[in-house]
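Have a look at it first, and then we'll ask how we know what we say about it.

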Amino acid sequence: MYRSGTVMAWNVFRFCTALKGLGSIMILLVLGVVGITYYAVVLTNYGPSLFSGGGILDALIALVVLVLFHCLLVMLLWSYFSVVFTDPGSVPPNWKPDLDEERGDSDPLTTSEFGASPADPANPRVRFCKKCNLLKPPRCHHCSVCGRCILKMDHHCVWVINCVGALNYKYFLLFLFYTFLETTLVTLSLLPQFIAFFSDGEIPGTPGTLATTFLAFVFNLAFALSVLGFLIMHISLVAGNTTTIEAYEKKTTPKWRYDLGRKRNFEQVFGLDKHYWFIPAYSEEDLRRIPALHGLEYPSKPELESQEF
């Protein structure tokens, strides 16, 4: 029994180590797809069309495509590297809860409960991480890949070598959003060239440029379709103020205590300032007014109802 547990722990360790190494490859893959796409759209097709003198309409279309392409690419990369380099949220040292928010209790926790044994079933109100040896805030989960507890953890994403949690979830959503817009734009822009591959006419260009255009179309079409599914899923999660882990654990019941309504749920992730909704940043005012953006305190229905009386 002990041996099997040791083997399982070792396999999990190797799996987590492999995920970290895979993440580095994924970043190179993302940059590689961006490079191929840039070469196909800007340098091979629409860049030359802008200065070829083929007509005002062709030049105008090329200008629109190039402007949209570069704007979306900047926002995509900004959001992507914001997810990569932003800490998703760690439990502060010596953190202690005032209330057991996870269970919906309104009575303050006592000092004796803080000092209780983490394995003591008589004190179920205190959430404790045996791996980190720390108390766990509401909606906090331990990530075996990162080796620490993450505030409002959604999932560990190998594409960004990072966890997606309270402090970078908005950036992750924007990354999905701009990736979908960019890949859709590229797919539509390269569609005429892709159709031309299956025509009987001669296609202008070298074998290298034609192969790059073909690959860019296929890659971007695949990413657009796959990212669309993830985007729809996370939109539904934001609307219900839940995370991927919480949905998997089947906590998202009709009486989910953190569901404040779609508008307030959206504000819990994106803030109140509309000027910051579509950029990977928060205003100082939102950071001051919305405790949930820091990942430690989350308003719930019982609290809001008690404030109304």
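Predicted model: local features only at pLDDT ≥ 70, side-chain atom pairs only at ≥ 80, totals over all residues.

Q: What share of the contacts in the chain with a separation of 6 or more comes from residues 24 or more positions apart?
A: It's 62% of them.

Q: How many helices and strands does the chain have?
A: There are nine helices and six strands. As for burial, 41% of the 309 residues in the chain count as buried.

Q: Why is N168 called buried?
A: The relative accessible area of N168 is 0%. Buried means under 20%, so N168 qualifies.

Q: Where is N168 found, and which residues does N168 touch?
A: N168 is in the loop between β6 (162–164) and α4. Leaving out residues up to four places away in sequence, N168 touches V83, T86, P88, N162 and C163.

Q: What makes the pair of G165 and N168 a polar contact?
A: The backbone nitrogen of G165 lies 2.8 Å from a polar atom of the N168 side chain.

Q: Is F85 buried or exposed, and how do you know?
A: F85 has a relative accessible area of 68%. Exposed means over 50%, so F85 is exposed. You'll find F85 in helix α2. The C-alpha atoms of F85 and N168 are separated by 9.1 Å, and these residues are 83 residues apart along the chain.

Q: What makes N94 exposed?
A: Its relative accessible area is 72%, and exposed means over 50%, so N94 goes in the exposed group. N94 is in the loop between α2 and α3. There's also a backbone detail to spot: N94 has a positive phi of about 60° although it is not a glycine.

Q: Is R139 buried or exposed, and how do you know?
A: The relative accessible area of R139 is 1%. Buried means under 20%, so R139 is buried. R139 lies in the loop between β2 (134–135) and β3 (141–143). Phi of R139 is near 65°, a positive value in a residue other than glycine.

Q: How do you know that the span of α4 agrees with its number of residues?
A: At 1.5 Å a residue, the 28 residues of α4 should span 40 Å. The end C-alpha atoms of α4 are 41 Å apart, so the two values agree.

Q: Where does α4 bend, and which proline follows?
A: α4 bends by about 45° at L190, and P192 follows within four residues.

Q: Which residues does L190 touch?
A: Not counting residues up to four places away in sequence, L190 touches A40, V41, N45, T213, A216 and F217.

Q: Which residues touch the most other members of the largest nonpolar core?
A: Of its 56 residues, those are V41, F69, Y80, Y169, F172 and L190. α1 (2–51), α2 (56–85), α4, α5 and α7 each supply at least two residues of this core. α4 gives the most, with twelve residues. There's also a second, separate core of six residues, including C143, V145, I150 and I245.

Q: Which residues of helix α7 are buried, and what covers them?
A: In α7 (residues 262–270), the buried residues are N265, E267, Q268, V269 and F270. Their cover includes α4 (169–196), α5 (207–239) and α8 (284–289). After α7 comes G271, whose phi is positive, near 85°.

Q: Where does UniProt place the feature "transmembrane region"?
A: The unreviewed UniProt entry places the feature at residues 21–40, 60–81, 171–198 and 210–232. In the model, residues 60–81 are 100% helix and 0% strand, with end C-alpha atoms 32 Å apart. Residues 210–232 are 100% helix and 0% strand, and their end C-alpha atoms lie 33 Å apart.

Key
Residues numbered from 1 in each chain as written. Heavy atoms only, no water. Buried < 20%, exposed > 50% of the residue type's maximum accessible area, 1.4 Å probe, protein only. Contact = heavy atoms within 4.5 Å. Core = buried A, V, L, I, M, F, W, Y, C linked by side-chain atoms within 4.5 Å. Expected span 1.5 Å × (residues − 1). Bend = angle between axes of the 7 residues up to and from the residue. Polar contact = N/O pair within 3.5 Å; in protein donor to acceptor, adjacent residues only side chain to side chain. UniProt positions renumbered as here; feature names shortened; annotations may be inferred.
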